[in-house]
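Hi,

Here is the structure I promised to pass on. Have a look first, and my notes follow below.

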Amino acid sequence: MTRTAPALDIDAILDDPDTRIIVCCGSGGVGKTTTAAALGLRAAERGRSVVVLTVDPARRLAQAMGLTELDNTPRRVDGADGGGEAGGELHAMMLDMKRTFDEIIEAHADPERAEQILTNPFYQSLSSSFSGTQEYMAMEKLGQLRRSNEWDLIVVDTPPSRSALDFLDAPERLGRFLDGRLIRILTAPAKAGGRSAFKLLNAGFGVVAGILTKVIGAQVLRDIQLFVTALDAVFGGFRQRAEQTYRLLQAPGTAFLVVAAPERDAMREASYFVERLAEERMPLAGLVVNRVHRSPAPSLSAARSSAAAEDLEARGEHELTAAVLRLHAGRMQLAAREQRQREHFTSAHPTVPIAQVPAMPEDVHDLAGLRQIGQLLAS
Ligand SMILES: Nc1ncnc2c1ncn2[C@@H]1O[C@H](COP(=O)(O)OP(=O)(O)O)[C@@H](O)[C@H]1O
Ligand SMILES: [Mg+2]
């Protein structure tokens, strides 16, 4: 027996005033950014005051949403209020990771120390390259937007990580890094002040520092130490803030939507993510299966279509018809494979509601396209 998943009622989620945060997550390239933008637009046109936090919109989509200035603050999107009758508004912003990092430093360090960090040569490379900073910054920005209480709905797109789980794991990983052994070794002498640094020289640091000095030079090592000490001070409340955001994500006003393409890897990733959300007691709203293929003539089976094509080819007639029949057979096979993937997911997670969005003939790059995706999500 094949189970049918319950239908995901998107409009019920968007219209519920208790829904304050929607998080679109999933593996790379499945349509998270598109889904987040489409949901934001639909909610605004249905009367809510919405901000969409996008991470990596394609250039044309960003332009369509007026995201041309990267100033890390939400901007109102023109033509996204449903004609103004419903009273909604759409604001959008694109996460500027470096800027968000700078803002945290500026907000949590005294001006002198902030300056010390921001101008440190290591800051630039760490703030943009440490794996997980983007995920952490997205969380940080979400926390800021929520605390500002300016919008009644925040729709969050998540970073283009390989794995959907990175979004949940990154803050913890960054926390471990900041609490890590190397950091402690590097910060110890500076923290302890000049005098006791001598003691620490005997306690292992001397060896490490000696090696590091040989390899990277004394000035560079000093820069790193200064930087790490300053950073350590700023991120002192790091775990605490990460925990706050975690609680925000667990709150009943949050709805996680897992986005997946109807392919084995993406659906498997979606499965992991669904299990993980349950473990973390984070509220899952449902699964969006994006880019589903449908056939215009589902009554003609793949087998019959192939047989007919073969027959025509054998007789050397109606080449074009034979080609169309082959194409149709391929389409039907693809649709069947995709359906098996959905059934597989549903047999493992029978209660998770599903919405499906067909594959569009072209990329979604303007408000009209987003509106259409929104309609399809809701239907
Ligand atoms: N249903 C769809 N039909 C056609 N193209 C789509 C659909 N959903 C997304 N796309 C396109 O796929 C590309 C990747 O989508 P995107 O939302 O950026 O994925 P992600 O954020 O998960 O990496 C974009 O070019 C987007 O326009
Ligand atoms: Mg994206």
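How far apart are the end C-alpha atoms of helix H2 (residues 32–45)? They are 20 Å apart, and this agrees with the span of 20 Å that its 14 residues should have at 1.5 Å a residue. The expected span is taken as 1.5 Å times one less than the number of residues, and helices (H or I, at least four residues) and strands (E, at least two) are DSSP runs, numbered from the N terminus.

Before the rest, some background. This is a predicted model, where local features need pLDDT of at least 70 and side-chain atom pairs count only at pLDDT 80 or more, while totals for chains, interfaces and linings use all residues. Residues are numbered from 1 along each chain as its sequence is written, chains are lettered from A and ligands numbered from 1 in the order in which they are written, and side-chain values use heavy atoms, without hydrogens and water.

Back to H2: 13 of its 14 residues are buried, so the helix is largely enclosed by the rest of the structure. Here buried means under 20% relative accessible area, exposed over 50%, and partly exposed in between (1.4 Å probe, protein chains only). Just after H2, Gly 47 has a positive phi of about 110°.

The magnesium ion (ligand 2) has Thr 33 (OG1) and Asp 56 (OD) as its protein donors, at 2.1 to 2.3 Å. These two are 23 residues apart and link distant parts of the chain: Thr 33 belongs to H2, and Asp 56 to the loop between strand E2 (49–54) and helix H3 (59–64). Donors are N, O and S atoms within 2.8 Å of the metal (3.2 Å for Na, K and Ca); water is not among the atoms, so sites may look incomplete. Thr 33 is buried at 12% relative accessible area, whereas Asp 56 is partly exposed at 34%.

Ligand 1 is surrounded by 16 residues (a heavy atom within 4 Å), and the closest are Gly 31, Lys 32, Thr 33, Thr 34 and Met 360. An N or O atom in the Thr 33 side chain is 2.8 Å from an oxygen atom of ligand 1. For a polar side-chain atom of Thr 34, the distance to a ligand 1 oxygen atom is 2.5 Å, and for one of Asp 363 it is 3.2 Å. Taken alone, ligand 1 exposes 560 Å², of which the protein buries 88% (Shrake-Rupley method, 1.4 Å probe).

Happy browsing!

Technical notes
A polar contact is a pair of N or O atoms within 3.5 Å; within protein, one must be able to donate a hydrogen and the other to accept it, and residues adjacent in sequence count only if both atoms are side-chain atoms.
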